[in-house]
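Take a look at the protein below. We will walk through it step by step, starting with a pair of helices.

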Amino acid sequence: MTNVPALSAAALLLTLGIGMVLRRVATAAEQRPVVLVVAWLCVALGVDLILFAFFPGQEAISGKALGFRMSGAVALFLVVWQGCFRVHKQALALDRPGELLRQSRAETARLRDQLAAATAARRPEQLTTTRVHRHPVAGRPDRELGIITGDLKNVDFVDVWVNSENTDMQMSRFHERSVSGLIRYEGARHDASGRVVEDCVADELAYRVAGHTPVMPGTAISTGPGKLATRNKVRRVVHVASVIGEPGNGYRQARALTRCVTNALREAERAGTPDAGSLCEPPVSIVFPLLGAGEAGADPVETARAVLTAAYEYLSSDRPTSLRAVYVLAYTDAELAACRGALEPLSGSGRTGR
């Protein structure tokens with residue numbers, strides 16, 4: 001005859017035990033050993049009561065626990081309890097890497113927020129000294145990546161300057177704090193008072209893109225250097241569309257940053273070939289700003305990594321190239337730190353010169 005009280009007690013114990021386990025799993029709460037022991041104790045007692053409610057005279061079940069051999073209800077209880085508890089611990093062990101990964105991601109996000117707050121609290125310091133940090137390209141002893149610190153106006157040893165431009169190819173105004181504005185002003189012809197009387201670089205760029213704007217992000221167009229040829233020994237200026245303007249929202253960095261770098265490098269080489277109408281020899285050096293990290297407000301760390309990685313892959317490839325040095329301009333100490341961090345995994349050791 002079925003033992004109704006035993007079945008009721010079993011149902012209560014099973015509901016309690018399984019409910020405790022499911023609640024812990026659903027809420028991703030810490031799995032404390034005491035809670036697990038109690039939960040599976042209830043489950044084991046419930047199973048035991050169900051079996052012996054239907055088979056009250058069954059004593060054939062036997063088992064061994066804690067060094068003792070037992071039989072009947074006690075043996076069934078211990079076997080079920082130990083089995084459930086062991087399986088649950090194994091399942092927790094399998095879930096442990098996922099939990100560690102979640103904790104790691106949460107800690108990374110917290111540290112990133114702290115870094116952003118610290119960066120915002122401290123204004124980057126402008127670098128006033130022009131120095132070159134050189135890093136060799138593995139397997140290419142005649143090629144190098146480098147970081148140039150300080151003001152671009154003081155650089156007079158690089159053949160090609162890259163201008164980070166918007167997709168409308170409209171250069172910045174003369175007195176804006178941007179590479180585009182600097183190139184436009186320094187490349188112009190001035191009168192004795194410094195007033196611009198011929199907007200050399202901007203006029204040529206406007207002529208080159210007339211009727212074809214906006215251009216696609218990543219488009220690279222070269223122009224002459226204007227007066228930068230005599231002031232800074234620049235041979236070409238490559239304007240690359242790395243910034244996208246949106247009415248009412250300002251500028252944002254183009255997503256195709258790798259394509260911007262590669263296209264600019266190819267355009268620099270193409271502009272130095274005889275069929276491009278250039279009378280100068282092929283360029284051997286080029287300098288990039290951190291494309292889109294200025295007015296567009298892109299993250300300098302991610303930008304430095306994208307620009308330097310793309311340049312490294314270009315220099316380390318088997319394709320023939322006249323370029324022997326690719327530099328990135330670091331105008332502030334924050335940009336220098338970003339560039340150094342990006343270069344570290346690309347080259348084992350670097351040397352500082354100049």
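In which kind of crossing does α7 pass α8, left-handed or right-handed? The crossing is right-handed. Bear in mind that this is a predicted model.

Stay with this pair. Two packed helices are described by the angle between their axes and the distance between the axes. Here, the axes of α7 and α8 come within 9 Å. They cross at roughly 45 degrees. The two helices are therefore oblique to each other.

Which residues make the contact? From α7 come Leu 257, Thr 258, Val 261, Thr 262, Leu 265, Arg 266 and Glu 269. From α8 come Thr 303, Ala 306, Val 307, Ala 310, Ala 311 and Tyr 314. Sort them by class, and you find eight nonpolar, three polar and two charged residues.

Now step back to the whole protein. It has nine helices and 13 strands. The protein has 354 residues, and 41% of them count as buried. Next, consider contacts between residues at least 6 apart in sequence. Of these, 65% join residues at least 24 apart.

Next, the interior. In soluble globular proteins, nonpolar side chains tend to be buried together. The largest nonpolar core in this model has 38 residues. Leu 145, Ile 286, Phe 288 and Leu 291 have the most contacts inside it. Which element gives the largest share? That is α8, with eight residues. There is also a second, separate core of 25 residues. It includes Val 155, Val 201, Leu 228 and Ala 325.

One last stop is Asp 199. This residue lies in the loop between β7 (196–198) and α5 (200–209). Is Asp 199 buried or exposed? Its relative accessibility is 11%, so Asp 199 counts as buried. The cut-off for buried is under 20%. Which residues does Asp 199 contact, leaving aside neighbours within four places in sequence? They are Phe 174, Arg 184 and Ala 188.

Definitions and conventions
Residues are numbered from 1 along each chain as its sequence is written. This is a predicted model: local features need pLDDT of at least 70, side-chain atom pairs count only at pLDDT 80 or more; totals for chains, interfaces and linings use all residues. Side-chain values use heavy atoms; hydrogens and water are left out. A nonpolar core is a set of buried Ala, Val, Leu, Ile, Met, Phe, Trp, Tyr and Cys residues joined through side-chain atoms within 4.5 Å. Buried means under 20% relative accessible area, exposed over 50%, partly exposed in between (1.4 Å probe, protein chains only). Helices (H or I, at least four residues) and strands (E, at least two) are DSSP runs, numbered from the N terminus. Axes are lines fitted to C-alpha atoms, for helices over the stretch in contact, and angles run from 0 to 180 degrees between N-to-C directions. Angles under 35 degrees count as roughly parallel, over 145 as roughly antiparallel, 65 to 115 as roughly perpendicular and the rest as oblique. A crossing is left-handed if the near helix is turned anticlockwise from the far one by less than a right angle, and right-handed if clockwise. Contact means heavy atoms within 4.5 Å. Ala, Val, Leu, Ile, Met, Phe, Trp, Tyr, Cys and Pro count as nonpolar, Asp, Glu, Lys and Arg as charged, and the others, Gly among them, as polar.
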